[in-house]
Every structure is written in structure tokens, then in C-alpha cells.
Amino acid sequence: GFEDTYGFLGGAHAYLPEKGKLQMMRGKEQVDEKEYLTDAWGREAVAFIDRHQKDPFFLYLAFNAVHTPMHATEKYLKRFPDIKDPQRQKYAAMHSAMDDNIGLVMKKLRDAKLEDDTLIFFFSDNGGPTL
């Protein structure tokens with residue numbers, strides 16, 4: 001088991017609170033997330049590294065992006081004004097959000113002088129829908 005968890009059980013969760021309740025679990029406690037879910041994963045991973053950087057740790061960060069349901073914030077959608085198809089634009093925006101948050105995690109590792117002593121693996125599942 002994991003000593004420190006933040007996530008949900010099951011799948012098909014909304015990314016935005018206004019699209020559906022984001023009932024996350026912090027350990028055994030339910031948390032109603034208010035932030036875009038991809039940004040919340042990044043925030044939580046960085047906080048985990050902050051709390052555990054003095055000791056060896058294992059961080060399993062499983063973004064659910066890019067996957068259905070296709071939700072993106074205006075912040076990320078604005079990065080792709082030339083993509084006219086709304087689904088393709090959301091796909092690009094969701095991918096951009098995930099990239100940003102991986103960047104935050106990498107920056108935290110670098111700033112904490114942990115990057116050279118950390119094994120980092122990137123995996124993907126089957127990905128999002130065919131658009």
C-alpha cells in the first residue's frame with residue numbers, strides 16, 4: 001500500500017468542478033477538488049515532493065489526461081486559437097495542461113537537487129478518443 005494518496009477510485013471523472021463533482025480521496029478522507037484536475041495532480045505531486053524530499057520516496061503520478069471526458073480550461077484552450085475543431089482544440093489543451101504539470105514536477109525535482117538521483121518513467125495508456 002501507499003502511505004500518502006490523492007486520487008479517486010474508478011474512472012470517467014470530470015476534469016472541471018462545473019462539469020461534475022470532483023470527489024477525490026486524500027487517504028481515506030473525501031475531498032471536493034475545486035481546481036482543474038490535471039492542475040490538481042501537478043499541485044499534489046509537487047507538494048508530495050516538498051514533504052518527502054529529505055527521504056527516499058516513490059511517487060506514482062498517474063494523470064488521467066488526455067482521456068475522456070474531454071474538458072479543458074480557457075487558460076489552455078487559448079493556447080490553440082487556430083485549431084477550429086472544438087474536440088481537437090480540447091485535446092491539444094488537455095495535452096498542454098499535462099505537459100505544464102509534468103514540467104512543474106521536473107522543476108521541483110531540479111530545484112530540490114533530486115533530479116540526478118531520481119528515476120523517472122513515462123508511460124501512457126491507450127490514450128484519448130480518436131478525433
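This is a predicted model: local features need pLDDT of at least 70, side-chain atom pairs count only at pLDDT 80 or more; totals for chains, interfaces and linings use all residues.
## Model and confidence

Local features here need pLDDT of at least 70, side-chain atom pairs count only at pLDDT 80 or more, and totals for chains, interfaces and linings use all residues. Residues are numbered from 1 along each chain as its sequence is written, and side-chain values use heavy atoms, leaving out hydrogens and water.

The mean pLDDT (the predictor's confidence in each residue, from 0 to 100) is 90 for the protein, and 95% of the residues score at least 70.

## Helix α1

Let's start with α1, whose 16 residues (37-52) reach 22 Å from first C-alpha to last, close to the expected 22 Å (1.5 Å times one less than the number of residues). Its buried residues (under 20% relative accessible area, 1.4 Å probe, protein chains only) include Leu37, Trp41, Phe48 and Ile49. Among the elements covering them are β2 (23-26) and α3 (86-111).

Strands β2 and β3 (residues 29-32) run antiparallel, joined by 4 bridges; pairing takes at least two DSSP bridges. Gln23 stands opposite Asp32 in β3. The hairpin has 2 residues between its strands, and Gly27 in the turn has a positive phi of about 65°.

## Ala65 in its loop

Ala65 sits in the loop between α1 and α2, and counts as buried because its relative accessibility is 10%. Leaving aside residues up to four places away in sequence, Ala65 touches Tyr15, Thr38, Met94 and Met98 (heavy atoms within 4.5 Å).

Definitions and conventions
Buried means under 20% relative accessible area, exposed over 50%, partly exposed in between (1.4 Å probe, protein chains only).
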